[in-house]
Every structure is written in structure tokens, then in C-alpha cells.
Amino acid sequence: MKSISVKELAALGQDAAIVDVREDDEFAEVRVPGTQSIPLSRFVQSLAEVPAGGTVYVMCAAGARSAQATAYLADQGYDAVNVTGGINEWQLDGLPVDRG
């Protein structure tokens with residue numbers, strides 16, 4: 001499985017397609033600006049919402065749920081990359097977030 005650090009992802013800029021697989025309440029609390037929410041609990045049913053045609057970066061709180069979603073996407077033919085450390089690492093590194 002492909003993976004990327006939060007610093008490497010941040011360096012890609014705002015054009016990177018990021019999907020956050022945390023649940024709605026987690027996403028509402030804090031998120032990377034411009035990130036799309038598709039909770040893991042309904043991920044398979046919401047596959048059509050995943051951006052197609054380019055690399056998709058998948059994140060969660062720390063990396064476990066996003067690893068599951070990344071593996072599933074790769075099996076479906078997507079170019080999917082797991083974001084190691086997730087939103088927790090993103091915040092620890094002082095990268096920008098939206099809240100509320």
C-alpha cells in the first residue's frame with residue numbers, strides 16, 4: 001500500500017484530493033481545509049463520491065481506518081494513498097485546520 005506523511009501531503013498543496021474517513025462528528029470537530037468527508041461506516045456504499053481520475057489521499061485520525069479504505073480503493077482500481085498519522089499528526093505538525 002502506498003503511503004504519505006502529512007508533511008508530504010501538505011507540500012502537494014490545495015489541489016490534492018483528500019478523503020477523510022472519520023465519522024461525521026469527528027470531521028465536524030476538526031478537518032483539513034478542502035477535505036471531503038466519506039465516513040468509513042458508509043464508505044463502500046458511497047464509493048461513487050470518491051474522486052476519480054487521479055490520486056486520492058485517504059486520512060483518518062491516526063492511519064488505521066484510512067489504511068482499510070486505501071486498501072479497498074486500490075482493490076477497486078483507484079490510485080489511493082494512505083496518509084500516515086492522520087489528522088492527529090497534521091495538528092501536531094501545526095498544519096492548518098478548520099474547526100466547527
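**Figure 1. Strand 2 and strand 5 of the predicted model pair in the parallel sense.** Strand 2 covers residues 17–20, and its pairing with strand 5 runs over 4 bridges. Helices (H or I, at least four residues) and strands (E, at least two) are DSSP runs, numbered from the N terminus. Two strands count as paired if DSSP finds at least two bridges between them. Across this pairing, Val 19 stands opposite Val 58, and Asp 20 stands opposite Met 59. Strand 5 (residues 55–59) is mostly covered, with 4 of its 5 residues buried. Buried means under 20% relative accessible area, exposed over 50%, and partly exposed in between (1.4 Å probe, protein chains only). Residues are numbered from 1 along each chain as its sequence is written. In this predicted model, local features need pLDDT of at least 70 and side-chain atom pairs count only at pLDDT 80 or more, while totals for chains, interfaces and linings use all residues; side-chain values use heavy atoms, with hydrogens and water left out.

**Figure 2. Strand 5 also pairs with strand 6 in the parallel sense.** Asn 82 in strand 6 is the bridge partner of Val 58. Between the two strands the chain passes through helix 3 (residues 64–75), and this β-α-β crossover is right-handed. Right-handed here means that, with the strands pointing away from the viewer, the path from the first strand over the helix to the second runs clockwise.

Figure 3. Strand 4 runs parallel to strand 2, and 2 bridges join them. The bridge partner of Val 19 in strand 4 is Gln 36. Strands of a sheet pair through backbone hydrogen bonds, either parallel or antiparallel.

**Figure 4. Lys 2 and Asp 79 form one of the 4 salt bridges in the structure.** A salt bridge is a side-chain nitrogen of Lys or Arg within 4 Å of a carboxyl oxygen of Asp or Glu. The closest N and O atoms of Lys 2 and Asp 79 are 2.4 Å apart. The pair links distant parts of the chain: Lys 2 lies in the segment before strand 1 and Asp 79 in strand 6, 77 residues apart. Lys 2 is partly exposed at 48% relative accessibility, and Asp 79 is partly exposed at 28%.

**Figure 5. Two further salt bridges join Asp 20 to Arg 22 and Glu 49 to Arg 42.** The side chains of Asp 20 and Arg 22 meet at 2.8 Å, N to O, and both residues are buried. For Glu 49 and Arg 42, the closest N and O atoms are 3.8 Å apart. Glu 49 is partly exposed at 39% relative accessibility, and Arg 42 is partly exposed at 29%.

**Figure 6. The largest pocket has a volume of about 200 Å³.** A pocket is an open set of points on a 1 Å grid over the protein atoms alone, where a 1.4 Å probe fits, with protein on both sides within 12 Å along at least five of seven lines. Grid points are joined across faces, edges and corners, and the volume is the space filled by probe spheres set on the points. Lining residues have an atom within 4 Å of a point; among them are Leu 9, Ile 18, Val 32, Thr 35, Trp 90 and Pro 96. The lining has 8 nonpolar, 4 polar and no charged residues. Ala, Val, Leu, Ile, Met, Phe, Trp, Tyr, Cys and Pro count as nonpolar, Asp, Glu, Lys and Arg as charged, and the others, Gly among them, as polar.
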